[in-house]
Amino acid sequence: MEFVRTSTAQREGDAPTRDRVARTILENGPSTAADLALRLDLTPAAVRRHLDHLADEGVVESRDQKVYGTRGRGRPAKVFALTEAGRDSFDQQYDDLAVQAMRFLAETQGEDAVVEFARRRVAFVERDYAAVMAVDPDLTPAEALARVFTQNGYAASVRELPVVGEQLCQQHCPVSHVAHEFPQLCEAETEAIASVLGTHVQRLATIAHGDGVCTTCIPQTPKKEKA
């Protein structure tokens, strides 16, 4: 039992070094164990131990090193690259930092400051909506909004609804982790959409609250008659 406790403590103590290994790969691209050892001033054996652990966790994966030009004899060297899950773990760290910053803002400045921040963050909706419509006036309001949100990292699309209008669908939300605790971010988005359209819109679902897609119902607007 003592051996298990010691091994667990060692793994926890190694975590900062493993983070350094993963971050070095993030910053420099796929790397060999020898390259990582030089950059981090570690022994190759230590680097390989950390890489094995990161691979077991699904953070990194090994690949054959690409060779440009004539390749020499022998098998190509192995390089280690971040997996998609490994990249997501860094995004999660930034999300955690954002949550801490929002908590600090709420605690020190109050609810009004959080709401004001949320509104300022979605100022791009009003700014970009007019620009998109000016370039392509044949777009429907929902289509223009989808383009605006996609340009800002939301991967949005439009679904037509019978009679009632269209549905703005955001398959990705770059602030969903933060919005789970601070719904003011979602409320500010809905408010901004309603503001640029000059009509009430209804948010039906949000990724922040566990739904697969953020959806907003955009009511039909009467088509302008040609002069």
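Analyst: An axis is a line fitted to C-alpha atoms, for a helix over the stretch in contact, and the angle between two N-to-C directions runs from 0 to 180 degrees. The model to be read here is predicted, so local features need pLDDT of at least 70 and side-chain atom pairs count only at pLDDT 80 or more, while totals for chains, interfaces and linings use all residues. Residues are numbered from 1 along each chain as its sequence is written, and side-chain values use heavy atoms, with hydrogens and water left out.

User: How many helices and strands does the chain have?

Analyst: Helices (H or I, at least four residues) and strands (E, at least two) are DSSP runs, numbered from the N terminus. The chain has nine helices and six strands.

User: At what angle do α6 and α9 pack?

Analyst: The angle between α6 and α9 is about 30°, and their axes lie 9 Å apart. A crossing is left-handed if the near helix is turned anticlockwise from the far one by less than a right angle, and right-handed if clockwise. The crossing of α6 and α9 is right-handed. Contact means heavy atoms within 4.5 Å; in this pair, Val125, Glu126 and Tyr129 of α6 meet Ala192, Ile193, Val196 and Leu197 of α9. Ala, Val, Leu, Ile, Met, Phe, Trp, Tyr, Cys and Pro count as nonpolar, Asp, Glu, Lys and Arg as charged, and the others, Gly among them, as polar. By these classes, the contact of α6 with α9 has six nonpolar, no polar and one charged residues.

User: How do α6 and α7 cross, and at roughly what angle?

Analyst: Angles under 35 degrees count as roughly parallel, over 145 as roughly antiparallel, 65 to 115 as roughly perpendicular and the rest as oblique. The axes of α6 (residues 123-135) and α7 (residues 141-151) come within 9 Å and cross at roughly 120°. The angle therefore makes α6 oblique to α7. The passage of α6 over α7 is a right-handed crossing. On the α6 side the contact is made by Phe124, Val125, Asp128, Tyr129, Val132 and Met133, and on the α7 side by Pro141, Ala144, Leu145, Arg147, Val148, Phe149 and Gln151. In this contact of α6 with α7 there are 10 nonpolar, one polar and two charged residues.

User: How far apart are the axes of α5 and α9?

Analyst: They are 8 Å apart, and α5 and α9 pack at an angle of about 50°. The two helices are therefore oblique to each other. Their crossing is right-handed. Residues Glu111, Val114, Val115, Phe117, Ala118, Arg119 and Arg121 of α5 meet Gln184, Leu185, Ala188, Glu189 and Glu191 of α9. The contact of α5 with α9 divides into six nonpolar, one polar and five charged residues.

User: Which residues have the most contacts inside the largest nonpolar core?

Analyst: In soluble globular proteins, nonpolar side chains tend to be buried together. Buried means under 20% relative accessible area, exposed over 50%, and partly exposed in between (1.4 Å probe, protein chains only). A nonpolar core is a set of buried Ala, Val, Leu, Ile, Met, Phe, Trp, Tyr and Cys residues joined through side-chain atoms within 4.5 Å. The largest core has 34 residues, and Leu145, Phe149, Leu168, Ile193 and Ile218 have the most contacts inside it. The elements that each supply at least two residues of this core include α4 (84-109), α7, α9 (184-197) and β6 (214-219). A second, separate core has 15 residues, among them Ala22, Ile25, Ala37 and Leu54.

User: Is leucine 145 buried or exposed?

Analyst: Leucine 145 is buried, with a relative accessible area of 0%. It is found in helix α7. Not counting residues up to four places away in sequence, leucine 145 touches Val125, Tyr129, Leu168, Ile193, Val196, Leu197 and Ile218. The C-alpha atoms of leucine 145 and leucine 168 are separated by 7.7 Å, although these residues are 23 residues apart along the chain.
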